[in-house]
Amino acid sequence: MALTATAVKRWYIVHKWTSLISTVFLLLLCLTGLPLIFSHEIDHALGYSVDPPELPETGEWARLDDIVADAAARRPGDAVQFVVSDADEPDLWTVILGETAAAPEASAFLSYDARSGAYLHEYPLRQGIMYILLRLHLDLFAGLPGTLFLGVMGLLLAVSLVSGAVLYGPFMRKLKFGALRRRHSGRVWWLDLHNLLGIVTLAWLLVVGITGTINTLAIPIAGYWQVTELAAMVAENPATAPYPGTGGVDRALAAARDAEPERELSFMAFPGSSFASPGHFVAFMRGPTPWTERLLKPVLIDGASGAATDSRELPWYVATLLISQPLHFGDYGGIPLKVLWAVLDLIAIVVLVSGLYLWVKRRNVTFEAQYVAEAGRHGEVA
Amino acid sequence: MSPVWQAPLALGLLSIVGLLAALLADGFGDVVSWVALAIPVAVVVWYTARSR
(Lines give C-alpha, C1' and ligand atoms only; values in the text may rest on other atoms or scores of the structure.)
Protein backbone atom coordinates (compact mmCIF):
# COMPACT_ATOMS: atom_id res chain seq x y z
CA MET A 1 0.00 0.00 0.00
CA ALA A 2 1.82 3.08 -1.25
CA LEU A 3 0.82 6.24 0.52
CA THR A 4 1.01 9.65 -1.11
CA ALA A 5 2.83 12.44 0.71
CA THR A 6 -0.55 14.02 1.50
CA ALA A 7 -1.89 10.76 2.97
CA VAL A 8 1.23 10.30 5.11
CA LYS A 9 0.85 13.82 6.41
CA ARG A 10 -2.83 13.28 7.24
CA TRP A 11 -2.13 10.01 9.06
CA TYR A 12 0.64 11.78 10.90
CA ILE A 13 -1.72 14.51 12.10
CA VAL A 14 -4.17 11.84 13.31
CA HIS A 15 -1.35 10.04 15.14
CA LYS A 16 -0.02 13.22 16.72
CA TRP A 17 -3.32 14.55 18.02
CA THR A 18 -4.86 11.28 19.26
CA SER A 19 -1.56 10.64 21.08
CA LEU A 20 -1.12 14.14 22.49
CA ILE A 21 -4.64 14.24 23.92
CA SER A 22 -4.47 10.79 25.51
CA THR A 23 -0.80 10.36 26.51
CA VAL A 24 -1.02 11.79 30.03
CA PHE A 25 -4.03 9.61 30.86
CA LEU A 26 -2.53 6.53 29.20
CA LEU A 27 0.65 7.04 31.22
CA LEU A 28 -1.45 7.19 34.38
CA LEU A 29 -3.29 4.01 33.30
CA CYS A 30 -0.03 2.18 32.55
CA LEU A 31 1.61 3.26 35.83
CA THR A 32 -1.39 2.45 38.05
CA GLY A 33 -2.13 -0.70 36.06
CA LEU A 34 1.34 -2.12 36.71
CA PRO A 35 0.79 -2.91 40.42
CA LEU A 36 -2.88 -3.72 39.77
CA ILE A 37 -1.76 -6.70 37.64
CA PHE A 38 -0.52 -8.21 40.91
CA SER A 39 -3.34 -6.95 43.15
CA HIS A 40 -4.26 -10.50 44.22
CA GLU A 41 -0.68 -11.20 45.34
CA ILE A 42 -0.23 -7.74 46.90
CA ASP A 43 -3.51 -8.04 48.85
CA HIS A 44 -2.28 -11.34 50.28
CA ALA A 45 1.15 -9.90 51.10
CA LEU A 46 -0.40 -6.90 52.87
CA GLY A 47 -2.79 -9.12 54.82
CA TYR A 48 -5.83 -7.65 53.06
CA SER A 49 -6.83 -11.16 51.98
CA VAL A 50 -6.24 -14.48 53.70
CA ASP A 51 -5.93 -18.09 52.63
CA PRO A 52 -8.19 -20.62 54.30
CA PRO A 53 -6.27 -22.73 56.85
CA GLU A 54 -4.95 -26.20 56.07
CA LEU A 55 -7.71 -28.66 56.94
CA PRO A 56 -8.11 -32.32 56.12
CA GLU A 57 -10.33 -32.50 53.01
CA THR A 58 -13.38 -34.39 54.22
CA GLY A 59 -15.65 -33.42 51.35
CA GLU A 60 -17.96 -31.89 53.95
CA TRP A 61 -19.17 -28.36 53.34
CA ALA A 62 -20.57 -25.90 55.84
CA ARG A 63 -24.16 -24.72 55.46
CA LEU A 64 -24.34 -21.45 53.53
CA ASP A 65 -27.42 -20.45 55.56
CA ASP A 66 -25.28 -20.53 58.73
CA ILE A 67 -22.48 -18.52 57.09
CA VAL A 68 -24.92 -15.91 55.76
CA ALA A 69 -26.65 -15.68 59.17
CA ASP A 70 -23.27 -15.13 60.85
CA ALA A 71 -22.38 -12.41 58.35
CA ALA A 72 -25.75 -10.68 58.85
CA ALA A 73 -25.28 -10.81 62.64
CA ARG A 74 -21.84 -9.18 62.32
CA ARG A 75 -23.32 -6.29 60.34
CA PRO A 76 -26.70 -5.57 61.93
CA GLY A 77 -28.60 -3.06 59.84
CA ASP A 78 -26.86 -4.13 56.62
CA ALA A 79 -28.32 -6.46 54.01
CA VAL A 80 -26.67 -9.43 52.32
CA GLN A 81 -26.25 -8.69 48.60
CA PHE A 82 -24.11 -11.51 47.23
CA VAL A 83 -22.30 -14.69 48.15
CA VAL A 84 -19.22 -15.17 45.97
CA SER A 85 -17.02 -18.17 45.22
CA ASP A 86 -13.70 -17.67 43.43
CA ALA A 87 -12.83 -20.50 41.01
CA ASP A 88 -9.24 -20.40 42.31
CA GLU A 89 -10.28 -20.48 46.00
CA PRO A 90 -12.77 -23.36 46.31
CA ASP A 91 -12.48 -23.46 50.13
CA LEU A 92 -13.57 -19.85 50.54
CA TRP A 93 -16.94 -18.08 50.54
CA THR A 94 -17.13 -14.30 50.50
CA VAL A 95 -20.33 -12.65 51.73
CA ILE A 96 -20.89 -9.13 50.37
CA LEU A 97 -23.18 -6.83 52.33
CA GLY A 98 -24.52 -3.36 51.61
CA GLU A 99 -26.38 -0.71 53.58
CA THR A 100 -29.43 -1.95 51.69
CA ALA A 101 -29.79 -5.01 49.46
CA ALA A 102 -29.80 -2.85 46.31
CA ALA A 103 -27.16 -0.30 47.44
CA PRO A 104 -24.66 0.31 44.61
CA GLU A 105 -21.68 0.22 47.01
CA ALA A 106 -20.79 -2.66 49.30
CA SER A 107 -20.40 -2.01 53.03
CA ALA A 108 -18.47 -5.18 53.91
CA PHE A 109 -16.68 -8.19 52.37
CA LEU A 110 -16.59 -11.06 54.88
CA SER A 111 -14.78 -14.29 54.06
CA TYR A 112 -15.56 -17.72 55.48
CA ASP A 113 -14.03 -21.18 55.37
CA ALA A 114 -16.36 -23.14 53.08
CA ARG A 115 -15.55 -26.43 54.90
CA SER A 116 -15.87 -25.47 58.57
CA GLY A 117 -18.02 -22.38 58.11
CA ALA A 118 -15.57 -20.46 60.32
CA TYR A 119 -15.40 -16.70 59.93
CA LEU A 120 -11.94 -15.83 58.59
CA HIS A 121 -11.49 -12.21 57.69
CA GLU A 122 -12.97 -8.87 56.69
CA TYR A 123 -11.50 -7.39 53.52
CA PRO A 124 -10.74 -3.70 54.20
CA LEU A 125 -12.86 -1.70 51.76
CA ARG A 126 -11.98 1.71 50.34
CA GLN A 127 -8.59 2.07 52.01
CA GLY A 128 -4.92 1.49 51.33
CA ILE A 129 -2.61 2.27 48.42
CA MET A 130 -4.15 -0.41 46.17
CA TYR A 131 -7.57 1.20 46.55
CA ILE A 132 -6.14 4.59 45.52
CA LEU A 133 -4.42 3.02 42.50
CA LEU A 134 -7.57 1.16 41.55
CA ARG A 135 -9.73 4.30 41.68
CA LEU A 136 -7.18 6.29 39.63
CA HIS A 137 -7.18 3.49 37.07
CA LEU A 138 -10.95 2.92 37.12
CA ASP A 139 -12.55 6.36 37.29
CA LEU A 140 -10.06 9.06 38.47
CA PHE A 141 -12.22 9.25 41.66
CA ALA A 142 -14.97 10.72 39.46
CA GLY A 143 -17.48 7.87 39.30
CA LEU A 144 -19.12 6.76 36.05
CA PRO A 145 -18.24 9.97 34.13
CA GLY A 146 -14.57 9.39 35.02
CA THR A 147 -14.81 5.77 33.85
CA LEU A 148 -16.43 6.76 30.56
CA PHE A 149 -13.81 9.49 30.05
CA LEU A 150 -11.06 6.88 30.42
CA GLY A 151 -12.98 4.73 27.92
CA VAL A 152 -12.71 7.56 25.40
CA MET A 153 -8.95 7.73 26.11
CA GLY A 154 -8.83 3.99 25.31
CA LEU A 155 -10.52 4.68 21.97
CA LEU A 156 -7.98 7.43 21.23
CA LEU A 157 -5.24 4.88 22.02
CA ALA A 158 -6.74 2.50 19.44
CA VAL A 159 -6.82 5.25 16.78
CA SER A 160 -3.29 6.30 17.71
CA LEU A 161 -2.06 2.70 17.38
CA VAL A 162 -3.73 2.17 13.99
CA SER A 163 -2.41 5.49 12.61
CA GLY A 164 1.04 4.75 14.02
CA ALA A 165 1.01 1.35 12.31
CA VAL A 166 -0.01 2.96 8.99
CA LEU A 167 2.96 5.35 9.27
CA TYR A 168 5.30 2.47 10.11
CA GLY A 169 5.01 1.14 6.52
CA PRO A 170 6.44 4.10 4.54
CA PHE A 171 8.86 4.93 7.33
CA MET A 172 10.47 1.48 7.31
CA ARG A 173 10.59 1.13 3.51
CA LYS A 174 14.39 1.43 3.40
CA LEU A 175 15.16 0.26 6.91
CA LYS A 176 15.66 -3.26 8.20
CA PHE A 177 13.30 -4.47 10.90
CA GLY A 178 14.65 -3.53 14.31
CA ALA A 179 17.11 -0.94 12.99
CA LEU A 180 17.96 1.57 15.71
CA ARG A 181 20.11 4.19 14.02
CA ARG A 182 22.73 6.10 15.95
CA ARG A 183 23.40 9.36 14.15
CA HIS A 184 22.99 13.12 14.61
CA SER A 185 21.35 13.62 17.95
CA GLY A 186 19.89 10.79 19.94
CA ARG A 187 16.54 11.78 18.50
CA VAL A 188 16.71 9.40 15.55
CA TRP A 189 17.50 6.53 17.90
CA TRP A 190 14.45 7.39 20.01
CA LEU A 191 12.28 7.63 16.89
CA ASP A 192 13.45 4.19 15.76
CA LEU A 193 12.89 2.81 19.28
CA HIS A 194 9.37 4.26 19.38
CA ASN A 195 8.60 2.58 16.05
CA LEU A 196 10.12 -0.79 17.00
CA LEU A 197 8.49 -1.03 20.44
CA GLY A 198 5.19 0.25 19.09
CA ILE A 199 4.99 -2.21 16.20
CA VAL A 200 6.14 -5.24 18.25
CA THR A 201 3.58 -4.66 21.02
CA LEU A 202 0.86 -3.42 18.64
CA ALA A 203 -1.48 -6.43 18.93
CA TRP A 204 -1.19 -6.70 22.72
CA LEU A 205 -1.69 -2.95 23.19
CA LEU A 206 -4.70 -2.92 20.88
CA VAL A 207 -6.31 -5.82 22.74
CA VAL A 208 -5.61 -4.40 26.20
CA GLY A 209 -6.76 -0.93 25.09
CA ILE A 210 -9.98 -2.08 23.42
CA THR A 211 -10.91 -4.52 26.21
CA GLY A 212 -10.20 -1.72 28.70
CA THR A 213 -12.65 0.51 26.84
CA ILE A 214 -15.23 -2.30 26.84
CA ASN A 215 -14.72 -2.66 30.60
CA THR A 216 -15.51 1.03 31.07
CA LEU A 217 -19.01 0.15 29.85
CA ALA A 218 -19.53 -2.46 32.61
CA ILE A 219 -22.11 -0.42 34.55
CA PRO A 220 -24.24 0.55 31.51
CA ILE A 221 -24.01 -3.02 30.16
CA ALA A 222 -25.09 -4.55 33.48
CA GLY A 223 -27.85 -1.95 33.81
CA TYR A 224 -29.20 -2.71 30.35
CA TRP A 225 -29.18 -6.45 31.08
CA GLN A 226 -31.05 -5.87 34.35
CA VAL A 227 -33.89 -3.86 32.79
CA THR A 228 -34.27 -6.15 29.77
CA GLU A 229 -33.21 -9.80 30.21
CA LEU A 230 -33.42 -10.04 34.00
CA ALA A 231 -36.72 -8.16 34.07
CA ALA A 232 -38.10 -10.55 31.43
CA MET A 233 -36.98 -13.66 33.37
CA VAL A 234 -38.66 -12.34 36.51
CA ALA A 235 -41.83 -11.22 34.70
CA GLU A 236 -42.26 -14.65 33.07
CA ASN A 237 -41.64 -16.50 36.35
CA PRO A 238 -43.25 -14.43 39.10
CA ALA A 239 -42.37 -15.29 42.70
CA THR A 240 -44.93 -17.60 44.32
CA ALA A 241 -44.76 -15.72 47.64
CA PRO A 242 -42.64 -12.96 49.20
CA TYR A 243 -39.13 -14.00 50.23
CA PRO A 244 -39.21 -14.61 54.02
CA GLY A 245 -36.10 -12.45 54.48
CA THR A 246 -33.60 -15.07 55.65
CA GLY A 247 -32.56 -18.61 54.81
CA GLY A 248 -33.10 -20.70 51.70
CA VAL A 249 -29.54 -20.18 50.43
CA ASP A 250 -28.44 -23.83 50.48
CA ARG A 251 -31.75 -24.84 48.91
CA ALA A 252 -31.28 -22.21 46.19
CA LEU A 253 -27.71 -23.40 45.52
CA ALA A 254 -28.85 -27.03 45.28
CA ALA A 255 -31.60 -26.04 42.83
CA ALA A 256 -29.10 -24.09 40.70
CA ARG A 257 -26.71 -27.06 40.63
CA ASP A 258 -29.57 -29.38 39.61
CA ALA A 259 -30.54 -26.98 36.83
CA GLU A 260 -26.92 -26.64 35.58
CA PRO A 261 -25.13 -29.84 36.64
CA GLU A 262 -22.03 -29.09 34.55
CA ARG A 263 -21.57 -25.73 36.26
CA GLU A 264 -20.57 -24.41 39.67
CA LEU A 265 -21.63 -21.26 41.49
CA SER A 266 -19.70 -18.07 40.74
CA PHE A 267 -21.96 -15.80 42.77
CA MET A 268 -25.46 -15.78 44.20
CA ALA A 269 -27.44 -12.55 44.06
CA PHE A 270 -29.83 -12.25 47.02
CA PRO A 271 -33.48 -11.21 46.82
CA GLY A 272 -33.71 -7.43 46.59
CA SER A 273 -30.17 -7.00 45.23
CA SER A 274 -29.51 -5.36 41.87
CA PHE A 275 -28.85 -8.69 40.11
CA ALA A 276 -31.96 -10.47 41.43
CA SER A 277 -35.57 -9.48 42.17
CA PRO A 278 -37.32 -8.83 45.50
CA GLY A 279 -38.70 -12.38 45.41
CA HIS A 280 -35.90 -14.33 43.67
CA PHE A 281 -32.32 -15.44 44.08
CA VAL A 282 -30.23 -15.47 40.92
CA ALA A 283 -27.33 -17.95 40.89
CA PHE A 284 -24.66 -17.04 38.32
CA MET A 285 -23.10 -20.35 37.31
CA ARG A 286 -19.64 -20.68 35.78
CA GLY A 287 -18.69 -23.41 33.31
CA PRO A 288 -15.93 -26.01 33.67
CA THR A 289 -13.45 -24.74 31.03
CA PRO A 290 -11.34 -21.55 31.16
CA TRP A 291 -13.58 -20.00 28.48
CA THR A 292 -16.99 -21.02 29.90
CA GLU A 293 -15.74 -20.17 33.39
CA ARG A 294 -16.07 -16.52 32.28
CA LEU A 295 -19.38 -16.95 30.48
CA LEU A 296 -21.72 -17.14 33.46
CA LYS A 297 -25.22 -18.55 33.17
CA PRO A 298 -27.90 -17.00 35.41
CA VAL A 299 -30.39 -19.37 37.10
CA LEU A 300 -33.54 -17.78 38.52
CA ILE A 301 -34.67 -19.30 41.84
CA ASP A 302 -37.95 -18.63 43.61
CA GLY A 303 -37.02 -17.23 47.02
CA ALA A 304 -40.00 -18.72 48.81
CA SER A 305 -40.26 -22.18 47.22
CA GLY A 306 -36.58 -22.67 46.38
CA ALA A 307 -37.41 -23.92 42.88
CA ALA A 308 -35.20 -23.02 39.89
CA THR A 309 -37.68 -21.58 37.39
CA ASP A 310 -35.51 -20.27 34.54
CA SER A 311 -31.94 -20.21 33.24
CA ARG A 312 -30.58 -18.45 30.18
CA GLU A 313 -27.39 -17.76 28.33
CA LEU A 314 -26.14 -14.20 28.73
CA PRO A 315 -26.61 -12.01 25.63
CA TRP A 316 -23.65 -11.19 23.37
CA TYR A 317 -22.93 -7.80 24.94
CA VAL A 318 -22.58 -9.23 28.45
CA ALA A 319 -20.52 -12.15 27.08
CA THR A 320 -18.23 -9.62 25.35
CA LEU A 321 -17.78 -7.75 28.63
CA LEU A 322 -17.04 -10.97 30.57
CA ILE A 323 -14.42 -12.10 28.02
CA SER A 324 -12.90 -8.59 27.95
CA GLN A 325 -12.15 -8.69 31.67
CA PRO A 326 -9.40 -11.36 31.68
CA LEU A 327 -7.97 -10.02 28.40
CA HIS A 328 -7.52 -6.64 30.09
CA PHE A 329 -6.35 -7.89 33.51
CA GLY A 330 -4.01 -10.68 32.33
CA ASP A 331 -5.13 -12.84 35.26
CA TYR A 332 -5.90 -16.03 33.36
CA GLY A 333 -2.52 -17.72 32.91
CA GLY A 334 -0.81 -17.83 36.28
CA ILE A 335 2.11 -15.73 37.49
CA PRO A 336 4.16 -16.05 34.25
CA LEU A 337 1.35 -14.37 32.27
CA LYS A 338 1.13 -11.60 34.88
CA VAL A 339 4.90 -11.02 34.60
CA LEU A 340 4.61 -10.83 30.79
CA TRP A 341 1.70 -8.39 31.22
CA ALA A 342 3.90 -6.24 33.45
CA VAL A 343 6.83 -6.29 30.98
CA LEU A 344 4.54 -5.42 28.05
CA ASP A 345 3.05 -2.63 30.17
CA LEU A 346 6.57 -1.28 30.82
CA ILE A 347 7.28 -1.39 27.07
CA ALA A 348 4.04 0.55 26.50
CA ILE A 349 5.30 3.18 28.97
CA VAL A 350 8.50 3.52 26.90
CA VAL A 351 6.40 3.92 23.72
CA LEU A 352 4.37 6.68 25.39
CA VAL A 353 7.36 8.49 26.90
CA SER A 354 9.43 8.25 23.70
CA GLY A 355 6.50 9.56 21.68
CA LEU A 356 6.16 12.50 24.04
CA TYR A 357 9.94 13.09 23.95
CA LEU A 358 9.91 13.15 20.15
CA TRP A 359 7.14 15.74 20.18
CA VAL A 360 8.83 17.92 22.81
CA LYS A 361 12.17 17.71 20.98
CA ARG A 362 10.67 18.59 17.60
CA ARG A 363 12.69 21.19 15.81
CA ASN A 364 11.47 24.47 14.38
CA VAL A 365 10.31 22.61 11.31
CA THR A 366 6.99 20.95 12.05
CA PHE A 367 7.29 17.28 12.73
CA GLU A 368 4.91 16.48 9.89
CA ALA A 369 7.33 18.16 7.48
CA GLN A 370 10.25 16.28 9.00
CA TYR A 371 8.40 13.02 8.79
CA VAL A 372 7.45 13.53 5.17
CA ALA A 373 11.05 14.52 4.40
CA GLU A 374 12.29 11.45 6.22
CA ALA A 375 9.95 9.12 4.37
CA GLY A 376 10.82 10.94 1.13
CA ARG A 377 14.52 10.26 1.64
CA HIS A 378 13.67 6.60 1.78
CA GLY A 379 12.14 6.90 -1.67
CA GLU A 380 8.53 6.55 -0.59
CA VAL A 381 7.24 9.99 -1.47
CA ALA A 382 7.74 10.95 -5.10
CA MET B 1 3.59 -8.70 0.85
CA SER B 2 6.12 -5.99 1.49
CA PRO B 3 9.07 -7.30 3.53
CA VAL B 4 8.48 -4.38 5.90
CA TRP B 5 5.40 -6.15 7.25
CA GLN B 6 6.71 -9.72 7.57
CA ALA B 7 8.13 -9.45 11.08
CA PRO B 8 5.32 -7.22 12.45
CA LEU B 9 2.68 -9.60 11.07
CA ALA B 10 4.39 -12.68 12.52
CA LEU B 11 4.75 -11.00 15.92
CA GLY B 12 1.15 -9.81 15.79
CA LEU B 13 -0.14 -13.33 15.08
CA LEU B 14 2.04 -14.71 17.89
CA SER B 15 0.58 -12.13 20.26
CA ILE B 16 -2.99 -13.08 19.33
CA VAL B 17 -2.19 -16.78 19.85
CA GLY B 18 -0.62 -15.89 23.21
CA LEU B 19 -3.59 -13.80 24.28
CA LEU B 20 -6.11 -16.54 23.44
CA ALA B 21 -4.37 -19.83 24.31
CA ALA B 22 -4.59 -19.51 28.11
CA LEU B 23 -8.22 -18.42 27.79
CA LEU B 24 -9.15 -21.49 25.75
CA ALA B 25 -7.26 -24.21 27.64
CA ASP B 26 -5.67 -24.66 31.06
CA GLY B 27 -2.24 -26.22 31.47
CA PHE B 28 -0.94 -26.60 27.91
CA GLY B 29 -2.78 -23.44 26.86
CA ASP B 30 -1.05 -21.47 29.62
CA VAL B 31 2.37 -22.62 28.41
CA VAL B 32 1.54 -21.69 24.80
CA SER B 33 0.53 -18.22 26.02
CA TRP B 34 3.75 -17.75 27.98
CA VAL B 35 5.95 -18.74 25.03
CA ALA B 36 3.96 -16.83 22.40
CA LEU B 37 3.94 -13.58 24.40
CA ALA B 38 7.56 -13.95 25.54
CA ILE B 39 8.77 -13.88 21.91
CA PRO B 40 7.75 -10.25 21.17
CA VAL B 41 9.30 -9.26 24.51
CA ALA B 42 12.53 -11.11 23.60
CA VAL B 43 12.58 -9.39 20.18
CA VAL B 44 12.37 -5.97 21.87
CA VAL B 45 15.13 -6.85 24.33
CA TRP B 46 17.36 -8.31 21.58
CA TYR B 47 17.22 -5.34 19.20
CA THR B 48 17.43 -2.73 21.96
CA ALA B 49 20.40 -4.39 23.67
CA ARG B 50 22.20 -4.76 20.30
CA SER B 51 22.01 -1.03 19.56
CA ARG B 52 23.37 0.04 22.93
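1. Two strands are taken to pair if DSSP finds at least two bridges between them. Helices (H or I, at least four residues) and strands (E, at least two) are DSSP runs, numbered from the N terminus. In S2(A), the residue bridged to A:Ala79 is A:Gly98.

2. This is a predicted model, in which local features need pLDDT of at least 70 and side-chain atom pairs count only at pLDDT 80 or more, while totals for chains, interfaces and linings use all residues. Residues are numbered from 1 along each chain as its sequence is written, with chains lettered from A and ligands numbered from 1 in the order in which they are written.

3. Chain A has an open sheet of eight strands in the order S4-S3-S2-S1-S5-S6-S7-S8, with antiparallel pairing. Its edge strands are S4 (119-123) and S8 (308-311), each of which pairs on one side only. On average, neighbouring strands of the sheet are turned by 25° against each other, direction ignored.

4. Strand S1 (residues 79-84) of chain A is joined to S2 (residues 92-98) of chain A by five bridges, and the two run antiparallel. S1(A) is also joined to S5 (residues 264-269) of chain A, antiparallel, by three bridges; here A:Val83 has A:Met268 as its bridge partner in S5(A).

5. S7 (residues 297-302) of chain A pairs with S8(A) in the antiparallel sense over three bridges. A:Ile301 has its bridge partner in S8(A), namely A:Ala308.

6. Helix H3 (residues 64-74) of chain A packs on the sheet and touches S1, S2, S3 (106-113) and S4 of chain A. Contact here means that C-beta atoms, placed from the backbone, lie within 7 Å. The direction of H3(A) makes about 40° with that of S2(A); axes are lines fitted to C-alpha atoms, for helices over the stretch in contact, and angles run from 0 to 180 degrees between N-to-C directions.

7. Which chain gives 26 residues to the contact, and which gives 30 residues? Chain B gives 26 and chain A gives 30. On the side of chain B that touches chain A, helices H1 (6-24) and H2 (28-51) of chain B each supply at least two residues. H2(B) gives the most, with 13 residues.

8. The axes of H6 (residues 187-200) of chain A and H2(B) come within 10 Å and cross at roughly 165°. H6(A) is therefore roughly antiparallel to H2(B) (angles over 145 degrees count as such). The contact is made by A:Leu193, A:Leu196, A:Leu197 and A:Val200 of H6(A) and by B:Pro40, B:Val43, B:Val44, B:Tyr47 and B:Thr48 of H2(B).

How values were computed:
Contact = placed C-beta atoms within 7 Å. Parallel < 35°, antiparallel > 145°, perpendicular 65-115°, else oblique.
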